[in-house]
Amino acid sequence: MGRVPGYICPVCERDVEQAAGCLDEPIELRGQTYRPLPFQGPEERCPGCNVLRGNVHHLDCERELCPRCKEPLNGCLCRMSEAEAAEVERLRGG
Ligand SMILES: [Zn+2]
Ligand SMILES: [Zn+2]
Ligand SMILES: [Zn+2]
């Protein structure tokens with residue numbers, strides 16, 4: 001997401017310039033429920049979505065890490081089904 005003044009996160013419906021963080025709502029990955037990983041710094045505010053350190057990222061922040069594989073959530077395959085992920089890995093040649 002681009003950080004635009006006045007942007008309202010669709011998850012928490014807060015202005016990302018003002019909000020300390022997003023909702024700490026469990027996310028489901030591969031049939032298991034995980035707690036979202038909060039932003040850990042080193043910056044005081046996330047360069048991607050502006051949350052304060054220790055708070056949960058807003059929707060689709062490029063700095064959010066997947067609580068299942070600890071890779072960037074945007075690039076990981078955990079939100080896909082196992083069959084979809086296997087297909088992507090096959091296309092990647094992995
Ligand atoms: Zn963020
Ligand atoms: Zn939010
Ligand atoms: Zn993952």
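1. Two residues are in contact if their C-beta atoms, placed from the backbone, lie within 7 Å. Keep that rule in mind for Thr-33. Thr-33 touches Pro-26 and Glu-28, leaving aside residues up to four places away in sequence.

2. A word on the source. This is a predicted model, in which local features need pLDDT of at least 70, side-chain atom pairs count only at pLDDT 80 or more, and totals for chains, interfaces and linings use all residues. Residues are numbered from 1 along each chain as its sequence is written, while chains are lettered from A and ligands numbered from 1 in the order in which they are written.

3. Now the overall fold. The protein chain has one helix and two strands. Helices (H or I, at least four residues) and strands (E, at least two) are DSSP runs, numbered from the N terminus. Along the sequence the pattern reads β-β-α. The C-alpha atoms fill a box of roughly 40 × 25 × 25 Å along the principal axes.

4. Next, burial. A residue is buried if 20 or more other C-beta atoms lie within 10 Å of its own, exposed if 12 or fewer, and partly exposed in between; these C-beta atoms, too, are placed from the backbone. Of the 94 residues of the protein chain, 20% count as buried.

5. Contacts also span the sequence. Take the contacts between residues at least 6 apart in sequence: 40% of them join residues at least 24 apart.

6. Back to Thr-33. This residue is found in strand β2. Is Thr-33 buried or exposed? Thr-33 is exposed, because 9 other C-beta atoms lie within 10 Å. Thr-33 and Pro-67 are 34 residues apart in sequence, yet their C-alpha atoms are 9.7 Å apart in space.

7. Check the backbone as well. Most residues other than glycine have a negative phi, and most peptide bonds are trans.

8. Glu-13 is not a glycine, but its phi is positive, at about 55 degrees. Glu-13 sits in the segment before β1 (27–29). Glu-13 counts as exposed because it has 9 other C-beta atoms within 10 Å.

9. Arg-30 is a residue other than glycine with a positive phi, near 50 degrees. Where does Arg-30 lie? Arg-30 lies in the loop between β1 and β2. Arg-30 has 13 C-beta neighbours inside 10 Å, so it counts as partly exposed.

10. Look at the bond between Gly-41 and Pro-42. This peptide bond is cis, with omega about 15 degrees. Pro-42 is in the loop between β2 (32–34) and α1 (82–92).
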